[in-house]
Amino acid sequence: MNFDVSLLFGILPELARGLLTTLFVTTIAFTLASLAGLALALCSRSKVGMLQRTTLMIGSVARSIPELVAIFWTYYCLPNVVGLQLSGEVCGALALGAIGAGYMSEIVRGGIMAVPTGDWEAATALALPRWRIWMRIVLPQALSRMRPAILNYFTDVMKNSTLLAGIGVADVAYAAYLSGAQDFRYLEPLTGVAILFFLVVFPLSQLSRRLSAAEAIVTRSL
Amino acid sequence: MEDLAARALKYGPALLNGTLVTLSYFVVGSVGSLLLALPLALGLRTRRRPIRYLLLAYVEFFRNTPLLVQLFWLHYALPMITGIATTAPETAALALVLVMTAYMAEVYRAGIGSVSQGQLEAAQSLGLSGRHSWALLVLPQAFRIALPAIGTLLVALLKATTVLSILSVPELMRVTTRISNYTARPAEFYTMTAVVYVLLGIIVSRCIHSLERYLTPGPCK
Amino acid sequence: MRSILIGMIALFAVSMTANAQEVSPTLRAIQSAGVLKVGMADSIPAQTKNPATGDWEGFNVDMAKNLAETLKVKLEIVDSTWSTLIPELMKGSFDIVMVDMFRTPVRAETVVFTDSYMITGNTWLVRRDLNLSNWHQLNDPKYTIVTIAGTAAVAQSDKLLPLAKKKALVTENAVAPHLEVAAGRADAHLSDFVQNLLFIKANPNANVKILDPNDPIEAAGYSYAIRPGDYHFLAFLNTWIAYNTTTGFISERKQQWFGGK
């Protein structure tokens with residue numbers, strides 16, 4: 001069986017259309033994950049032992065659930081629980097967002113903890129108000145530490161969004177499988193998926209590398 | 001309720017087998033990548049451009065494409081190009097090791113990079129050779145710093161084994177799908193499977209946490 | 001006299017080699033290895049691997065056993081998924097794909113199909129709260145028909161209900177469309193009668209019912225697939241299918257697995 005290059009080029013337009021849906025759902029899921037993750041991370045720093053432990057446990061469980069299972073659950077069981085009819089895109093975004101919250105909370109936690117305690121202490125000694133400590137000193141440093149991990153995780157969410165094809169979301173993987181189911185040639189459409197993914201993800205990861213390298217130079221020279 | 005217990009009993013062995021297969025791929029993937037990522041991470045830091053670019057290309061390919069596509073490629077396209085045909089279990093193991101090594105190497109790199117330059121200089125001034133200071137100083141610390149990220153990767157590996165079902169590897173997800181098709185009862189079996197994965201994931205995380213605590217220098221040391 | 005004898009021996013030798021060149025290489029390989037490798041993927045009730053016992057069972061399993069017996073070799077069923085059946089066939093992991101696969105021209109560009117071996121009855125699974133007297137009423141844009149991509153039901157749904165909305169799922173989960181209907185996300189699904197019954201039996205509270213169970217829609221065109229190139233093997237298989245049709249083996253097996261109509 002030979003690789004049919006003309007088939008590959010023929011499906012790329014369909015795949016690209018699916019890619020738009022992929023990017024849309026990924027962005028929504030990632031936003032949900034970031035907001036929820038931020039909340040979890042802040043709660044995990046609470047002095048209240050119960051809250052801290054519960055939050056950490058929630059994060060741990062969220063990270064351990066396989067994405068496929070979570071997607072399946074939100075699609076088939078959540079509507080019965082909530083009583084609403086939810087589309088595949090919404091369910092997918094919710095499922096990936098919930099799991100993502102677990103990962104983002106770890107990333108945010110790591111970022112905040114990487115800010116040297118000396119900075120915290122100095123800022124408190126200078127009697128800066130808490131919100132200013134956060135906004136001007138802690139978060140900017142934390143964000144720059146978190147950036148590679150955040151970009152990484154965004155690409156992970158994008159890769160996981162290919163699982164949504166199974167619940168009818170017309171994303172790039174769906175377009176590939178549909179084509180494959182009709183003529184039995186799966187290699188060409190899936191290669192197209194890989195190419196499109198690469199085209200989107202590679203520039204992002206290169207950007208991340210460049211920014212980190214630039215920062216390393218800056219901090220080294222301090 | 002008795003029906004549920006009866007079904008659980010009837011399909012329990014199959015689910016257990018599936019779990020064992022999942023675990024065996026987990027072990028192969030984690031051991032393989034933990035070992036191979038070190039030379040890869042060191043190779044990525046080399047000054048020789050051709051090697052570094054080649055290794056970078058490998059890392060970028062495996063990090064920027066979905067695992068499903070990688071599996072299909074290794075199983076169907078590789079034989080076309082190189083003439084080496086692998087069986088489904090071989091392809092699955094190979095794909096897992098290749099992708100996990102790519103991710104693990106980046107984690108190792110970050111760990112190595114965060115061991116401060118000052119320590120290396122101090123070691124040199126104390127007369128430790130380059131190789132010694134690496135082995136005794138940098139690598140152990142880098143490993144400890146990288147442990148949380150390694151833990152996250154291992155849990156991700158556990159979940160990634162579910163993708164292997166496309167090649168008919170009889171791991172837990174495939175067994176569950178098959179049972180749910182056969183009995184037309186998806187909710188029960190997918191719930192059971194979800195619980196198993198969560199438990200396994202928590203066990204892995206806990207082990208890594210314990211390892212972290214064990215390796216962190218405390219007041220007694 | 002001697003030259004005639006030599007001539008006859010030579011003719012005989014040539015005819016032997018000529019025959020040897022014409023025998024199907026696939027058949028020769030199967031018979032010398034002593035095993036027939038058949039690729040299958042789950043689809044109730046045509047063929048499915050019982051997860052509790054690990055044995056394959058179904059209409060096509062019986063057919064596969066019959067084929068192996070005919071060739072006097074052992075049967076080995078290779079487990080596969082729907083998306084990898086054909087790639088594995090082309091790769092040589094097995095000699096023939098025996099599943100309830102619908103043959104279409106576009107697929108025939110990649111594989112060679114045997115003659116159709118069976119016609120089955122598909123019925124409509126619809127939402128229980130829908131008040132319909134017959135399935136023709138579904139031919140309306142306000143209804144959504146759900147199918148699994150690549151199945152015969154897709155072509156049939158398109159042909160029978162051109163006006164209704166269509167939704168195709170890509171999944172190995174055979175009951176995903178049934179779940180869609182049960183959840184109210186779709187209104188109808190055309191599927192094998194036995195599979196619909198099985199779903200209702202397993203989920204008695206689901207919001208589904210079978211419409212016109214006594215009036216199934218004929219689904220024809222299920223065929224077995226082999227690699228292109230070996231036309232003797234194809235001719236052999238078609239003869240075997242025709243023979244089993246004539247002797248009633250196929251209709252008897254169909255009665256057992258798919259139920260009478």
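This is a predicted model: local features need pLDDT of at least 70, side-chain atom pairs count only at pLDDT 80 or more; totals for chains, interfaces and linings use all residues.
Residues are numbered from 1 along each chain as its sequence is written, and chains are lettered from A in the order in which they are written.

Chain A has 9 helices and 0 strands, where helices (H or I, at least four residues) and strands (E, at least two) are DSSP runs numbered from the N terminus. The C-alpha trace of chain A spans about 70 × 50 × 25 Å along its principal axes, and 45% of its 222 residues count as buried, meaning that 20 or more other C-beta atoms, placed from the backbone, lie within 10 Å of the residue's own.

Turning to the contact between the chains, 27 residues come from chain A and 25 residues from chain B, with two residues in contact if their C-beta atoms, placed from the backbone, lie within 7 Å. On the side of chain A that touches chain B, H9(A) gives the most, with 9 residues.

Finally, Tyr108(B) lies in helix H4 (residues 88-114) of chain B, and Tyr108(B) counts as buried because it has 26 C-beta neighbours inside 10 Å. Leaving aside neighbours within four places in sequence, Tyr108(B) is in contact with residues including Ala37(B), Leu38(B) and Ala142(B), and its C-alpha is 9.1 Å from that of Ile145(B), 37 residues apart in sequence.

Methods
A residue is buried if 20 or more other C-beta atoms lie within 10 Å of its own, exposed if 12 or fewer, and partly exposed in between; C-beta atoms are placed from the backbone.
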